[in-house]
Amino acid sequence: MSEGEKTGMSSCCLSGSLHEGTPTGRVDNIGGLDTYIAEPRGGSKTKSIIFISDIFGWSFPNTRLLADQYALAGFYTYVPDFHEGDSLPISFLQNIEPPLKKQEQLTVAEKATNAAVVSTTLGPWLVKHREAVTKPLIDGFVNTVRMVPGTDKIGAVGFCWGGRYAILQAHGPDLVTPGAIGGVDVAFAAHPSLVAVPGDFDPVSRPLSLAFGTKDSLLDEATRGKIIDLMASKKDLAHEIRLYEDQVHGFALRSDWSSEKDKKAMDDATRQGIEWMEKYLRSGKE
């Protein structure tokens, strides 16, 4: 665990909507991990991006559709199975907690049931996929991509559970832990969960963009304020933090498209990530 105050994870992390569409990429095995790959036109790997998914994993349609959007913007995009076949099922999206507009209709008993399911399902899953297990997988995948011919710079894009690991990759190469290295050139994290403040943010040394919802139960206003102040102290490091009004945890990946406001927030967060990558993942070969 990183040092500092660590935010928790609740059933809010499991809320959201399943989006329609058919992913257009392909599946391959990269470095021993099943990986969804979305290629840009021409297939250039010069600007490569590694998605670090939320708890629903690499096969979650929303994640793959979003990876396709990054590919359309010119990035060779990898979505690895960092859960190694053990992602939480998509059925949890509606069964555990519905989108924000439906939450007000839940009875006390229904909320209690949600909390019980979270403690019995999510808790053990988080232990199984703790940092000591997950970070070496991500570091190793970054190392593998670095060796792919044609690759120049690498970015990390993370959501929820994966958002924290995108931040950790923005620390740069791990030269202390034997066999680790890893580290990307730029990172974008949307509504990261389980972050330690200041522990996860003090070591950030690569350009980092963050997207927070103002109604994210996993990142309250006080925690967001600490992160904003800490990042502002990094005068020589490119960074940005954007707040999305009335958006809950998961909005950048699992927004309710029946709400124009929520859909716009997701679109804006997608644009935020892509523009950040375009700005700081620019290759010296261009």
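**Entry 1: helix α6**

I started by checking burial in α6, and I found Trp161, Gly162, Gly163, Arg164, Tyr165, Ala166, Ile167, Leu168 and Gln169 buried. A note to myself: this is a predicted model. Helix α6 covers residues 161-169, and nine of its nine residues are buried, so the rest of the structure largely encloses this helix.

**Entry 2: α5 against α6**

Next I looked at how helix α5 (residues 131-146) packs on α6, and I got an angle of about 60° with the axes 11 Å apart. So α5 counts as oblique to α6. I also noted the handedness: α5 and α6 make a right-handed crossing. On the α5 side, I listed Glu131, Thr134, Lys135, Ile138, Asp139 and Val142 as making the contact. Their partners on α6 are Trp161, Arg164, Tyr165, Leu168 and Gln169. I sorted the residues of this α5 and α6 contact by class and got five nonpolar, two polar and four charged.

**Entry 3: a look at Thr134**

I picked out Thr134, which sits in helix α5. Is Thr134 buried or exposed? Its relative accessible area is 0%, and buried means under 20%, so Thr134 is buried. Leaving out residues up to four places away in sequence, I found that Thr134 touches His129, Trp161 and Tyr165. Two of those names were already in my notes, as Trp161 and Tyr165 belong to the α6 side of the contact.

**Entry 4: α1 against α9**

Then I turned to another pair, helix α1 (residues 61-72) and helix α9 (residues 260-280). Their axes come within 11 Å and cross at roughly 40°. That angle makes α1 and α9 oblique to each other, therefore I wrote "oblique" here too. The crossing of α1 past α9 is right-handed. Leu66, Gln69 and Tyr70 of α1 make the contact with Thr270, Gly273, Ile274 and Met277 of α9. By class I got four nonpolar, three polar and no charged residues for α1 with α9.

**Entry 5: the core and Tyr70**

Last, I went to the largest nonpolar core, which has 75 residues. Which of them touch the most other members? My list reads Phe51, Tyr70, Tyr78, Phe159, Phe201 and Met277. A reminder for context: in soluble globular proteins, nonpolar side chains tend to be buried together.

I followed up on Tyr70, again skipping residues up to four places away in sequence. Tyr70 touches Ile49, Phe51, Phe75, Thr77, Val157, Phe188, Thr270, Gly273, Ile274 and Met277.

Conventions:
Residues numbered from 1 in each chain as written. Predicted model: local features only at pLDDT ≥ 70, side-chain atom pairs only at ≥ 80, totals over all residues. Heavy atoms only, no water. Buried < 20%, exposed > 50% of the residue type's maximum accessible area, 1.4 Å probe, protein only. Helix = DSSP H or I, 4+ residues; strand = E, 2+ residues; numbered from the N terminus. Axes fitted to C-alpha atoms, helices over the stretch in contact; angles between N-to-C directions. Parallel < 35°, antiparallel > 145°, perpendicular 65-115°, else oblique. Left-handed = near helix turned anticlockwise from the far one by under 90°. Contact = heavy atoms within 4.5 Å. Nonpolar A, V, L, I, M, F, W, Y, C, P; charged D, E, K, R; others polar. Core = buried A, V, L, I, M, F, W, Y, C linked by side-chain atoms within 4.5 Å.
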